[in-house]
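This report describes the fold, the packing and some local features of one protein chain. The sequence and structure come first, and the description follows.

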Amino acid sequence: MNFEGLRVLVVGDAMLDAYISGQVRRISPEAPVPVVSAKKRWFVPGGAANVARNLARLGVEVTLVGLVGCDADADCLRNELSREGIVDALVSSATRRTTRKVRVLAQGQQLLRLDEEETGPLSSKDAAALAERTRNALRGKHAVVLSDYAKGVLLQSSGDSLCRVVLEDAGRLGIPVLVDPKGGDWKRYAGAQCVTPNAAEFATICGRDPGVPLTRSERASLAMELCARHHFDNVLITRGPKGMALFRPEHEPMYCRAAMREVADVSGAGDTVIATLAACVAKGLFWPECMRVANVAAGVAVGKMGTAPVTLSELNEALRDDSDNPKLFTLPALLDKIEDWRRKNESIVFTNGCFDLLHPGHISLIRQSVAQGDHLIVGLNSDVSVRRLKGPTRPIQNEQARALLLAALSGVDAVILFDEDTPRNLVAALLPDVMVKGSDYKVEEIVGADIVLKHGGRVFLADLVNGCSTTGIVHKIDQHGSKH
């Protein structure tokens with residue numbers, strides 16, 4: 001997954017999340033409460049700012065519009081945004097303070113949350129400034145996120161609400177708008193491409209008791225009513241450990257099981273979901289795939305303590321674990337993995353080929369390659385590459401099938417496809433410590449061997465198994481077929 005070059009605007013309730021971490025060794029003599037001996041303090045962007053932070057960590061170019069005070073918390077938040085590479089389009093209010101949430105942690109558990117905020121109506125001056133900043137920031141964006149925490153920025157204020165400004169202007173520009181909703185009035189979100197309530201928010205807005213589980217048919221019927229009432233294209237319900245559910249007019253409901261992860265903290269998981277969805281929508285992925293990717297990202301997020309974003313490398317790693325072939329890598333993801341292996345002082349071995357029909361010669365090559373170092377990477381010619389090299393009737397098996405078979409072999413740590421006729425560019429990018437080819441080659445004939453040797457690596461010539469070749473197998477099959 002790669003989101004490079006995509007631009008997303010986040011509009012909503014920006015906050016500063018503060019953390020105090022320490023140890024508890026006694027109960028206070030003043031009241032029956034634990035005494036926390038503070039050891040560490042830190043600050044991170046929260047609310048809409050955390051959505052922006054998640055997008056930035058995925059490699060998206062992000063602009064954030066929100067409201068802060070003229071105070072030290074605003075300065076701290078701006079510094080954190082700058083550190084993340086987020087474009088700061090925040091409005092400074094002379095009449096409101098910056099929203100801050102302080103969490104006190106001890107022994108890995110959250111003991112207390114202290115909220116410092118103002119949630120009343122915005123002044124006409126602040127509302128006008130927000131609308132102007134938003135309109136200026138909209139152009140050139142691939143998607144917009146409305147992150148509503150009911151702190152005032154997206155609630156009705158003097159004149160039209162900021163939600164209507166975004167939805168109407170974005171609609172004219174053809175920019176999709178995704179909403180993380182709050183409150184009991186969703187008219188202000190009308191026309192959004194997607195809303196992402198959690199299960200309790202969904203039940204409440206539909207007039208149901210959140211404590212009473214809905215059947216699948218009830219859930220689907222209520223979601224369609226919401227879509228019809230507010231002209232939503234999609235309703236995606238986040239269901240915690242039960243995963244997600246996607247509802248779209250004229251489509252069958254889709255359910256996605258939660259990624260199985262140990263839960264450390266659910267703080268900020270909703271921000272991760274809406275950020276990942278926005279990145280996928282901006283990229284042009286279909287909605288079922290958007291949901292799957294966001295579901296995987298949420299699984300990573302809840303495994304972290306506190307408000308913590310999911311990085312692109314973490315997402316790609318989790319997507320591989322969730323896929324049919326977790327050993328099939330893209331080049332950026334494989335370079336990240338190689339960097340991790342090298343930090344552990346582990347050696348990298350590389351071999352390559354078409355591997356169209358696996359035979360004993362292939363198995364022997366893989367076994368000999370595995371013995372040359374700590375981690376084996378197999379470069380696999382793509383279908384396009386094989387057709388150029390072998391002719392229009394090849395490959396017999398497509399690239400996904402060939403990659404899956406290679407990944408199932410013991411000792412293969414990674415498989416990567418390449419479209420070129422040779423793996424030279426791939427070898428230059430990976431810089432393996434050992435390159436392995438069959439002994440029917442001379443070292444000087446091996447494409448990429450010069451690169452490996454120049455960087456202090458070595459080339460190993462593997463013994464061949466006589467009489468084994470895919471071309472020979474295909475020829476025998478053709479002969480057998482012609483006799484019958």
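What percentage of the 484 residues of the chain count as buried?

## Overall layout

Of the 484 residues, 51% count as buried, where buried means under 20% relative accessible area, exposed means over 50%, and partly exposed lies in between (1.4 Å probe, protein chains only). The model is predicted, and local features need pLDDT of at least 70, side-chain atom pairs count only at pLDDT 80 or more, and totals for chains, interfaces and linings use all residues. Residues are numbered from 1 along each chain as its sequence is written, and side-chain values use heavy atoms, with hydrogens and water left out.

The chain has 16 helices and 20 strands; these are DSSP runs numbered from the N terminus, with helices being H or I of at least four residues and strands E of at least two. Along its principal axes, the C-alpha trace spans about 80 × 55 × 45 Å. Among contacts (heavy atoms within 4.5 Å) between residues at least 6 apart in sequence, 69% join residues at least 24 apart.

## Nonpolar cores

In soluble globular proteins, nonpolar side chains tend to be buried together. A nonpolar core is here a set of buried Ala, Val, Leu, Ile, Met, Phe, Trp, Tyr and Cys residues joined through side-chain atoms within 4.5 Å. The largest one has 54 residues, and those with the most contacts inside it are Val10, Leu55, Leu64 and Leu315. Helix 8 (residues 287-301) gives the most to this core, with ten residues. A second, separate core has 42 residues, including Ala137, Ala170, Val179 and Trp186.

Leaving out residues up to four places away in sequence, Leu315 touches Phe3, Leu58, Thr276, Val293, Val296, Ala297 and Val310. Pro309 sits in the loop between helix 8 and helix 9 (312-322) and is buried, at 4% relative accessible area. Beyond its neighbours within four places in sequence, Pro309 is in contact with Arg53, Asn54, Arg57, Lys304 and Glu314.

## Aromatic pairs

A pair of aromatic rings is described by the distance of the centres and the angle of the planes. Rings of Phe, Tyr and Trp (its six-membered ring) pair if their centres lie within 6.5 Å; planes under 30 degrees apart count as stacked, over 60 as edge-to-face and the rest as tilted. The count comes to four aromatic pairs. Tyr19 and Trp42 form a stacked pair, at 5.1 Å centre to centre with 5° between the planes. Tyr19 lies in strand 2 (residues 14-27) and Trp42 in strand 3 (residues 34-47), so the pair ties together parts that are 23 residues apart in sequence. Tyr19 is buried at 2% relative accessible area, whereas Trp42 is partly exposed at 28%.

Trp186, Tyr189 and Phe232 form one aromatic cluster. Tyr189 is also touched by Cys163, which contacts Leu146, Leu154 and Arg188 as well, not counting residues up to four places away in sequence. Cys163 is found in helix 4 (residues 162-173) and has a relative accessible area of 0%.

## Cavity

The structure holds one cavity of 30 Å³ or more. On a 1 Å grid over the protein atoms alone, a cavity is a set of points where a 1.4 Å probe fits but cannot get out, and lining residues have an atom within 4 Å of a point. Grid points are joined across faces, edges and corners, and a volume is the space filled by probe spheres set on the points.

About 90 Å³ of space lies in the largest cavity. Its lining consists of Asp13, Ala14, Leu67, Arg96, Arg97, Thr98, Thr99, Glu118, Leu122, Lys151 and Val153. These divide into four nonpolar, two polar and five charged residues; Ala, Val, Leu, Ile, Met, Phe, Trp, Tyr, Cys and Pro count as nonpolar, Asp, Glu, Lys and Arg as charged, and the others, Gly among them, as polar.

## Backbone details

A cis peptide bond joins Arg394 and Pro395, with omega about 5°. Pro395 is in the loop between helix 12 (383-390) and helix 13 (399-407).

Phe355 has a positive phi, near 50°, in a residue other than glycine. Phe355 lies in the loop between strand 16 (348-353) and helix 11 (360-370) and is buried, at 4% relative accessible area. Leu431 also has a positive phi, near 45°. Leu431 is in the loop between helix 14 (424-430) and strand 19 (434-438) and is partly exposed, at 31%.

Terms used:
On a 1 Å grid over the protein atoms alone, a cavity is a set of points where a 1.4 Å probe fits but cannot get out, and a pocket is an open set with protein on both sides within 12 Å along at least five of seven lines; lining residues have an atom within 4 Å of a point.
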